[in-house]
Amino acid sequence: MKKCMSKTLALLGAGLLALAGCSDATVPAAHSGSGEASPADNASITVGLTYVPDVQFAPLYVAAEKGYFTKHGVNVTLRHHGAQESLLGALAAGEEDIVFAGGDEMLQGRSTGIDVVNWATMYQRYPAVLIVSEDSGVTSWEDMAGKTVGLPGEYGENYYGLLAALKDHNLEGKVTVKSIGYTQTAAVQNKQVDGVIGFENNDVIAMENAGLKVRVIPLVSGDLPLIGVGFGSLSTNIRPQVYKEFLAAVYEGVQSAKQDPEATLTITAKQVPSLTDPDKRAVAKKVLDATLKLYEGSSTFGQQDGAKWDAMAQFMLDQGLIKQAVPAKEAFTTDVVSAQE
């Protein structure tokens, strides 16, 4: 992931019960609190966050700060990756128990021999989109024929999304692709490209904050054969009864962030000190709101879509993004999500 996220949850306290009412998804079953030991009690978990500290990770910061992880019997360490660190390197080395990354990135990693299995999808909507200036004359993908699109590079979710769009709109070989690093705002502002592939929950907001008037165009006309950010672990380290408690705590973090965004930003500022600046905090609030919306759209928190996993595995093989076929049934599991019920 790059800068690129029904049974009623048995919550403790009337305030938290009110939070649960804010979501339409089936939610994780909570730690019983009966005094009887839970399989999760005292479980230590290191979670790899695959980017520098950012407001997009706010639900996890909130869960840690407000004691939701502790309440659910898990001792969680949040670990941010370094700029040059391999996406799945620490997971493969056993230094992390869980990684927070794209389902497509995990599938690609699995194709290289890393035994990572995705067990919950957090972003139910893939955040990548085509972003163009309002005065560009581009109103649809068909208008991009013969034009140039920019993206950080030929890797990661931006690139996977671009390939899906070019295939869907029959534009393969008809659009020039330019690697521009993470300079999407400047590239659009200075008309270095005709459009960029960015994320609706941060790049669009950054451009609008810079005073640009932009148009956002979905990648495909139907279902995108890609799966967004979620949680994954090595197959030998998937503990459904422990991870369902972790997921329940994350759910509470999401609901708390929705209920009280200002308090959430104050918590996040401990990780991202720049948010003490009022202007940056205002932008971060917009990013937070857009990111929380990505968690919505499923009937169950963390829901897995088997058909989409099958479609993604085939798409990535056809596009040469994986060198050998990866059976979708080996790349994801529903064991943790099912354990919530």
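The axes of helix α5 (residues 103-111) and helix α12 (residues 306-318) cross at roughly 55° and come within 11 Å of each other, where axes are lines fitted to C-alpha atoms, for helices over the stretch in contact, and angles run from 0 to 180 degrees between N-to-C directions. Helices (H or I, at least four residues) are DSSP runs, numbered from the N terminus. The model is a predicted one, in which local features need pLDDT of at least 70 and side-chain atom pairs count only at pLDDT 80 or more, while totals for chains, interfaces and linings use all residues. Residues are numbered from 1 along each chain as its sequence is written, and side-chain values use heavy atoms, with hydrogens and water left out.

Helices α5 and α12 are therefore oblique to each other, given that angles under 35 degrees count as roughly parallel, over 145 as roughly antiparallel, 65 to 115 as roughly perpendicular and the rest as oblique. Helix α5 passes α12 in a right-handed crossing, that is, with the near helix turned clockwise from the far one by less than a right angle. The contact (heavy atoms within 4.5 Å) joins G103, D104, L107 and Q108 of α5 to W309, M312, A313 and M316 of α12. By class, five nonpolar, two polar and one charged residues take part in this contact of α5 with α12, where Ala, Val, Leu, Ile, Met, Phe, Trp, Tyr, Cys and Pro count as nonpolar, Asp, Glu, Lys and Arg as charged, and the others, Gly among them, as polar.

Helix α10 (residues 261-268) packs with helix α2 (residues 58-65) at an angle of about 85°, their axes lying 9 Å apart, which makes α2 roughly perpendicular to α10. Here A58, Y61, V62 and E65 in α2 meet T264, I267 and T268 in α10.

Helix α10 also packs with helix α11 (residues 278-293), at an angle of about 115° and with the axes 10 Å apart, so α10 is roughly perpendicular to α11. Helix α10 passes α11 in a right-handed crossing, and the contact is formed by P261, E262, T264, L265 and T266 of α10 with R281, A284, K285 and L288 of α11. These residues divide into four nonpolar, two polar and three charged.

Definitions and conventions: Helices (H or I, at least four residues) and strands (E, at least two) are DSSP runs, numbered from the N terminus.
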